[in-house]
Amino acid sequence: MKKASIAIACVLALALSMSAQSPAGGGASLQDALKSMDRAAAGFKTAQADTEADQYSKIVNETDVQKGTIYFRRSGKDIEIALDITQPDQKYVVVSGGKVDMYQPKIDQVTEYNAGKNKSDVESFMVLGFGGSGQELQKSFEVKFAGNENVGGVNTAKLELTPKAVKVRNMFNLITLWIDPARGVSVQQRFDEPSGDYRLTKYSNIKINENLNSSVFKLKTTGKTKWVRPQ
């Protein structure tokens, strides 16, 4: 189940850093950042953005770039995520109800990961995306304020998160968020693994609380698509 948890976590990692366009202002404190996340979560319905994620591998000292579009929507008390990856290889990913379905058109195959007993671990990552509040963040992570930093013209509050759950900490020992206090979202994020690998995600063309077509949350499979469910 560790592979399933990592697969889910990698998708949710993309949910962290929706870029903001607000101007730089005065410095924000930890409480300012957490309260702004609470306000954003209270009014959250949907979000959409273009994504660019850099995945660094220490052992080969190389960085792979992944580009696409990500979608979010609130479904009851849960948040659903859909990811349309366009580079380097086309993939469609849907995260819903603690389950991740990844469709690869090139081989016409869907790989389905079910969190099962690890659902609580999945939920700890869900609080990092749109719709997650500052209060929820503190339930799953030790949150440290690392000062203010200008990122893309936004004066952010830099937060360093250490997962409380050992299983989650074994996947990512440190998660860094740069929070825009004006909008309650992170403009940049970094997931560090114990191995020295990390993932840095950036977003652009953000649209918040606009109508989304429900079709983006459905995989575009064919009648011959093969379904694989790893144990």
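**Close-up 1. Charges over rings.** The charged end of Arg73 sits over the ring of Phe217, 4.2 Å from the ring centre. A charge sits over a ring here if NZ of Lys or CZ of Arg is within 6 Å of the ring centre and within 35 degrees of the ring normal. Arg190 does this with Tyr198, lying over its face at 3.8 Å from the ring centre. A quick word on what you're looking at: this is a predicted model, where local features need pLDDT of at least 70, side-chain atom pairs count only at pLDDT 80 or more, and totals for chains, interfaces and linings use all residues. Residues are numbered from 1 along each chain as its sequence is written, and side-chain values use heavy atoms, with hydrogens and water left out.

**Close-up 2. Tyr92 and Tyr103, ring on ring.** Rings of Phe, Tyr and Trp (its six-membered ring) pair if their centres lie within 6.5 Å; planes under 30 degrees apart are stacked, over 60 edge-to-face, and the rest tilted. By this rule there are 3 aromatic pairs. One of them is Tyr92 with Tyr103, a stacked pair at 6.3 Å centre to centre and 20 degrees between the planes. Tyr92 belongs to strand β4 (residues 91–96) and Tyr103 to strand β5 (residues 99–104), so the pair ties together parts that are 11 residues apart in sequence. Helices (H or I, at least four residues) and strands (E, at least two) are DSSP runs, numbered from the N terminus. Tyr92 is buried at 15% relative accessible area, and Tyr103 is buried at 3%. Buried means under 20% relative accessible area, exposed over 50%, and partly exposed in between (1.4 Å probe, protein chains only).

Close-up 3. Phe172 comes from the loop between α5 (166–171) and β9 (174–180), while Phe191 is in strand β10 (residues 185–192), so the pair links parts 19 residues apart in sequence.

**Close-up 4. Gln90 beside the tyrosines.** Gln90 lies in the loop between β3 and β4 and is partly exposed, at 38% relative accessibility. Its side chain joins that of Tyr92 through a polar contact of 3.0 Å. A polar contact is a pair of N or O atoms within 3.5 Å; within protein, one must be able to donate a hydrogen and the other to accept it, and residues adjacent in sequence count only if both atoms are side-chain atoms. What does Gln90 touch once its neighbours within four places in sequence are left aside? The contacts are Asp84, Ile85, Tyr103, Gln104 and Pro105, with contact meaning heavy atoms within 4.5 Å. Gln90 and Tyr103 are 13 residues apart in sequence and 8.8 Å apart in space, C-alpha to C-alpha.

Close-up 5. Strand β2 (residues 62–75) runs antiparallel to β3, with 9 bridges joining them; strands pair if DSSP finds at least two bridges between them. Ser75 stands opposite Asp78 in β3. The β2–β3 hairpin has 2 residues between its strands, and Gly76 in the turn has a positive phi of about 65 degrees. On to β4: β3 and β4 are antiparallel with 5 bridges, and Ile81 has Val95 of β4 as its bridge partner. That hairpin goes through 3 residues. The loop between β3 (78–87) and β4 also holds Pro88, and the peptide bond from Gln87 to Pro88 is cis, with omega near 0 degrees.

**Close-up 6. Two nonpolar cores.** A nonpolar core is a set of buried Ala, Val, Leu, Ile, Met, Phe, Trp, Tyr and Cys residues joined through side-chain atoms within 4.5 Å. The largest has 17 residues, and Leu137, Val143, Leu159, Leu161 and Ile175 touch the most other members. Elements giving two or more residues are α2 (30–42), β7 (141–151), β8 (154–163) and β9, with the largest share, 4 residues, coming from α2. A second, separate core of 16 residues includes Ala49, Phe72, Val95 and Tyr203.

**Close-up 7. Positive phi without glycine.** Asp108, in the loop between β5 and β6 (109–114), has a positive phi of about 50 degrees although it isn't a glycine. Asp108 is buried at 16% relative accessibility. Asn209 also has a positive phi, near 55 degrees, but is partly exposed at 36%.
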